[in-house]
Amino acid sequence: MTERLHITSRTNERVKSLVRLRNRRQRDEAGLTIIEEETVIRRSLEAGYPRTEVWYCPQRESPAIRALRDELLSGAAVAIEADGPVMDKVSYRDESDGLLVVAPQVRRRLDELELPADRPPLLVILEAVEKPGNLGAVQRIADGAGCQAVIVCDGGTDLFNPNVLRASRGACFAIPTVAAGGNAVRSWLDARGVRTLATSPMATATWDMADFTGPVAIVLGTEHQGLTQDWLDTTDENIAIPMAGIGDSLNVAATAAVLLFEAVRQRRAPQEAE
């Protein structure tokens, strides 16, 4: 049975608790995150992602949002109707469309990832990715390219930052994403025979010379520092995307798009030749 509440005060304790979830430490301690925007919320619903609270403001809802809210309420422990000023305060976004979901942080472990037996796996490794928007964008690209997982190494932004969820457009609920230490990831890849391709502006081989047809993990570093030597010294091949302008590299999401869809192209070519 869903508990139903109506909150009209911006100083309500539930409002204060929800506002605290804007802070990473508070999110992690509570084991919760915030999901907003119609597309992102719907994709969480389609993926069967659990939810604990649904906050809604009837005055702000479009017919589509109202229909989505009705679907969400059947699986939520608590449904909270909020007046407009309350919804403005709890919303992580600048402008609320009248619907917000509080959900648990469902974390996956590296040893839980399953690779396909019927085709070569394709993975993305992100070392210390800094910006939530970049992580979410890479998840969206990786999902579109048919990757099996995104693995985040050695710190950086947290997987459950609401801006990660938004930037992924809900792909975060579809593509397995895990956080693990670099040494653990390298051992895991070696044990499964997955070849690693790392990006570096200093590499002599270029991206269009690399072979992406076998089991491959594409390893990407931060925009400012690139990959650490731990990765550059241990990957099977380092490759560069030559730049014709003043910059020495693309941002991490653009790099992921170039390399992942080159992998898609190479893997599709033998099928089209048959």
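## Close-up views of a predicted model

**View 1. Ala128 sits in the loop that runs between strand E6 (122-127) and helix H6 (132-144).** Helices (H or I, at least four residues) and strands (E, at least two) are DSSP runs, numbered from the N terminus. This is a predicted model, in which local features need pLDDT of at least 70, side-chain atom pairs count only at pLDDT 80 or more, and totals for chains, interfaces and linings use all residues. Residues are numbered from 1 along each chain as its sequence is written, and side-chain values use heavy atoms, with hydrogens and water left out. Ala128 has a phi near 50°, a positive value in a residue other than glycine. For background, most residues other than glycine have a negative phi. With a relative accessible area of 21%, Ala128 is partly exposed; buried means under 20% relative accessible area, exposed over 50%, and partly exposed in between (1.4 Å probe, protein chains only).

**View 2. Asp154 also has a positive phi, of about 60°, although it is not a glycine.** Look for Asp154 in the loop between strand E7 (149-153) and helix H7 (162-167). Its relative accessibility is 42%, so Asp154 counts as partly exposed.

**View 3. Here's the whole chain and its two parts, domain 1 (3-104) and domain 2 (111-267).** Those bounds come from an automatic or database domain assignment. The chain has 10 helices and 12 strands, and its C-alpha atoms fill a box of roughly 60 × 40 × 35 Å along the principal axes. Of its 274 residues, 48% count as buried. The centres of domain 1 and domain 2, taken over C-alpha atoms, are 32 Å apart. Where the domains meet, 15 residues of domain 1 are in contact with 12 residues of domain 2; contact means heavy atoms within 4.5 Å. Take the contacts in the chain between residues at least 6 apart in sequence: 81% of them join residues at least 24 apart.

**View 4. The largest nonpolar core has 50 residues, and Ile35, Val124, Leu126, Phe212 and Leu260 touch the most other members.** A nonpolar core here is a set of buried Ala, Val, Leu, Ile, Met, Phe, Trp, Tyr and Cys residues joined through side-chain atoms within 4.5 Å. Helix H10 (residues 252-273) gives the most to this core, with 6 residues. Domain 1 (3-104) and domain 2 (111-267) each supply at least three residues to this core. Apart from it lies another core, this one of 19 residues, including Val194, Ala198, Leu227 and Trp231. As a general point, nonpolar side chains tend to be buried together in soluble globular proteins.

**View 5. Zoom in on Leu126, which touches Leu135, Val138, Val150, Ile151, Val152, Cys153, Leu220 and Val252.** That list leaves out residues up to four places away in sequence.

**View 6. The structure holds 1 cavity of 30 Å³ or more.** About 50 Å³ of space lies in the largest cavity. On a 1 Å grid over the protein atoms alone, a cavity is a set of points where a 1.4 Å probe fits but cannot get out, and lining residues have an atom within 4 Å of a point. Grid points are joined across faces, edges and corners, and the volume is the space filled by probe spheres set on the points. The lining divides into 4 nonpolar, 3 polar and 4 charged residues. Ala, Val, Leu, Ile, Met, Phe, Trp, Tyr, Cys and Pro count as nonpolar, Asp, Glu, Lys and Arg as charged, and the others, Gly among them, as polar.

**View 7. Ala203 lies in the loop between strand E9 (195-199) and strand E10 (205-206).** Ala203 is buried, at 18% relative accessible area. Leaving aside residues up to four places away in sequence, Ala203 touches Asn238, Ile239 and Ala240. Ala203 and Ile239 are 36 residues apart in sequence, with their C-alpha atoms 5.2 Å apart in space.

**View 8. Arg93 is in the loop between helix H5 (84-90) and strand E5 (99-104), and Ser96 lies in the loop between H5 and E5 too.** Arg93 counts as buried at 19% relative accessibility, and Ser96 counts as buried at 13%. Not counting residues up to four places away in sequence, Arg93 touches Glu36, Glu37 and Arg166, while Ser96 touches Arg60, Met87 and Ser91. Ser96 and Tyr56 are 40 residues apart in sequence and 9.7 Å apart in space, C-alpha to C-alpha.

Key. On a 1 Å grid over the protein atoms alone, a cavity is a set of points where a 1.4 Å probe fits but cannot get out, and a pocket is an open set with protein on both sides within 12 Å along at least five of seven lines; lining residues have an atom within 4 Å of a point.
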